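Okay, thanks for making time, everyone. Let me put the structure up and then walk you through it.

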Amino acid sequence: MAPASNDIPALILGTAMWGWTMDAHICFSVLDTFYEAGFRQVDAATNYPINRQPADFRLSERILCDWIRTHGVTDLRVMMKVGSVDNMRSPDNNLRKSFLLMCLDDYRELLGPNLDMLMIHWDNRDDQSEIAQTLEALALVRAAGLKVGLSGIRFPEVYAKANETLQLNFYIQIKHNLLQSDYNKYKPFHGKRRFLAYGINAGGVKLDAAEYAPKSSLTVRGGDTSNQSPLIAGLINWLDSQQAKYVSDFNQCSMAYAYHSKDIAGLLIGPSRVDQLRDTIDFYKKLQQTDYQHIYDQLVELKKQYAGAQ
Ligand SMILES: NC(=O)c1ccc[n+]([C@@H]2O[C@H](COP(=O)([O-])OP(=O)(O)OC[C@H]3O[C@@H](n4cnc5c(N)ncnc54)[C@H](OP(=O)(O)O)[C@@H]3O)[C@@H](O)[C@H]2O)c1
């Protein structure tokens, strides 16, 4: 399949659960399927999986590097999120210029031509001069021919201010789904297709609560599996009423919603298995071939009705 043009959101494979709920064998089959379908963009982070098991620090990227080595691939486009110093879900990180440049060297060595973008992963600081030094490192990343990005930034307005001189063109990962969105937090960066939506299934929500297995993603990540959100009940009724003509499950509703949202440049998907990935790819093709704007509009109405406008 031809890669998506820049005018529509790209499909990007996430690796947050690699080495956690997904063993290396499953990760390999998922990436095999993704690659064979013509997709190239993969999202990774030094601290994946964030399962609070120190022995698993950087396990997800090790699986990714093994896959690259095994297949001799040079045209993957990996976005690597850096700065974390452990996988304990702590805010501890290192965003000093020297450390980020060390990460750049490290990942160029590990991923070779497959490295496409370096992103800052989590920043709770509000000190503009410290952030300016972080941006100096990103300017050097840019000068090395890579794209740059941000993820989990607590004070985006300080980043915007610190970036006034350098004018770096960031991609930004945001949580963006039917139940919750961080888009409004990033107002200074609105108006350009630069946002990459993650958690589009709200971390693995199932419309039927009986489908949460002990190892389902939402369960292991400590998410809310009670399905008490009124929006979920509303979605179930709405899906029944349109008799699955356009969308038939939560993942499809989530994809249609994110795909048509403003300024979205990519959907970060987190399939746990090959069959989920195949469904996601099939539906992504549908989104490209059929106008789902009216479905997006109805989902926004449902959101307003049940969850309050965001
Ligand atoms: N920047 C950040 O801070 C940040 C944060 C989170 C994630 N991310 C990136 O975004 C990627 C995706 O995030 P996420 O895992 O939170 O995404 P998500 O789409 O909200 O949740 C993924 C879960 O949804 C279910 N699912 C996925 N595809 C499905 C399908 N076709 N049919 C039915 N169920 C499906 C699976 O749950 P079950 O396994 O339970 O079936 C899967 O594990 C991550 O891998 C990571 O690369 C970035």
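So, first thing to keep in mind: this is a predicted model. Three elements each give at least two residues to the shell around the ligand: strand β4, residues 115-123, strand β8, residues 264-269, and helix α9, residues 274-289.

In total there are 28 residues around the ligand, and the ones that come nearest are D43, S151, K206, S217 and S272. If you sort the shell by type, you get 16 polar residues, eight nonpolar and four charged.

Now for some individual distances. D43 has a polar side-chain atom 2.5 Å from an oxygen atom of the ligand. As for cover, the ligand on its own has 900 Å² of accessible area, and the protein covers 90% of that.

You'll find K81 in strand β3, residues 77-82. Is K81 buried or exposed? Its relative accessibility is 1%, and the cut-off for buried is under 20%, so K81 counts as buried.

What does the K81 side chain pair up with? There's a polar contact of 2.7 Å to the side chain of D43, and another of 2.9 Å to the side chain of Y48. Beyond its neighbours within four places in sequence, K81 is in contact with several residues, including M119, H121, S151 and Q173.

Definitions and conventions:
Residues numbered from 1 in each chain as written. Predicted model: local features only at pLDDT ≥ 70, side-chain atom pairs only at ≥ 80, totals over all residues. Heavy atoms only, no water. Near = heavy atom within 4 Å. Polar contact = N/O pair within 3.5 Å; in protein donor to acceptor, adjacent residues only side chain to side chain. Areas by Shrake-Rupley, 256 points an atom, 1.4 Å probe, with all protein chains shown as cover. Helix = DSSP H or I, 4+ residues; strand = E, 2+ residues; numbered from the N terminus. Nonpolar A, V, L, I, M, F, W, Y, C, P; charged D, E, K, R; others polar. Buried < 20%, exposed > 50% of the residue type's maximum accessible area, 1.4 Å probe, protein only. Contact = heavy atoms within 4.5 Å.
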